[in-house]
Amino acid sequence: MEESENGHEKLVIMVTHGPEDPELATIPFAMAGAAVASEVDVVMGFQGEGCLLMKKGVAQSVQAPEFAPLGDLVGTIRELGGKFLVCSPCLKSRHLTEADLVEGAEIVAAGRFVAEVTAADKTLVY
Amino acid sequence: MTQTQIEEATELDARGLLCPMPIVKTAKAMRELEPGQVLKLIATDRGSVADVPAWASSTGNELLESHEEDGTFVFFLRKGGEVS
């Protein structure tokens, strides 16, 4: 991968599964955790059911076998500089607002997602 | 895996931690070390056998040695960078 302005590679990870599929909800966070630990800049994008993972308290209720607890991963990724972007229409259709989201989650729309993806070295979609 | 005598500056007990936490905790622990110092990592997650060498290679740190010991995986990692 090429390096971004701060010398780090940049990875975007799109998340479209939520608590209904604990494994596919957790794998993107495991990848993000490994990436931030490897000095890769990470942006996670949450769309569809994936946006529910950014609702306060939801991550703590999701546990996929043989993976670290999702609640721990969210905190660790945020601590190591990962960014969380959440789809605005996806939130509205689920009657969620910014007040419902975990600390650091930012509400964005399609244009911002496109900008992040086109600026990234690689994008993963789950 | 081979086994030799290496003196570590600090030890990280990652037993019981699941993917990807062993390398996350390793990355955080290495931040506290000076270049050239060695971290001893003990993990039980079998994925760490592949993860730790890959992490070391991609972050400029050096995996000096690794071995399996009573069902745990032990790694000695030297922090990269210029030694002052």
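Trainee: Which residue is the bridge partner of A:I13 in β5(A)?

Mentor: Strands are DSSP runs of E with at least two residues, helices are runs of H or I with at least four, and both are numbered from the N terminus; two strands pair if DSSP finds at least two bridges between them. In this predicted model, the partner of A:I13 in β5(A) is A:L124, and four bridges join strand β1 (residues 10–15) of chain A to β5(A), the two running parallel. Residues are numbered from 1 along each chain as its sequence is written, while chains are lettered from A and ligands numbered from 1 in the order in which they are written. Because the model is predicted, local features need pLDDT of at least 70 and side-chain atom pairs count only at pLDDT 80 or more, whereas totals for chains, interfaces and linings use all residues.

Trainee: In what order do the five strands of the open sheet in chain A lie?

Mentor: The order is β4-β3-β2-β1-β5, with parallel pairing, and the edge strands, each pairing on one side only, are β4 (105–108) and β5 (122–125) of chain A.

Trainee: At what angle do α1(A) and helix α1 of chain B pack?

Mentor: Axes are lines fitted to C-alpha atoms, for helices over the stretch in contact, and angles run from 0 to 180 degrees between N-to-C directions. For α1(A) and α1 (residues 21–31) of chain B, the angle is about 25 degrees, with the axes 9 Å apart. Since angles under 35 degrees count as roughly parallel, α1(A) and α1(B) are therefore roughly parallel to each other. Residues are in contact if their C-beta atoms, placed from the backbone, lie within 7 Å, and here A:G33, A:A34 and A:A37 of α1(A) meet B:I23, B:V24 and B:A27 of α1(B).

Technical notes: Angles under 35 degrees count as roughly parallel, over 145 as roughly antiparallel, 65 to 115 as roughly perpendicular and the rest as oblique. Two residues are in contact if their C-beta atoms, placed from the backbone, lie within 7 Å.
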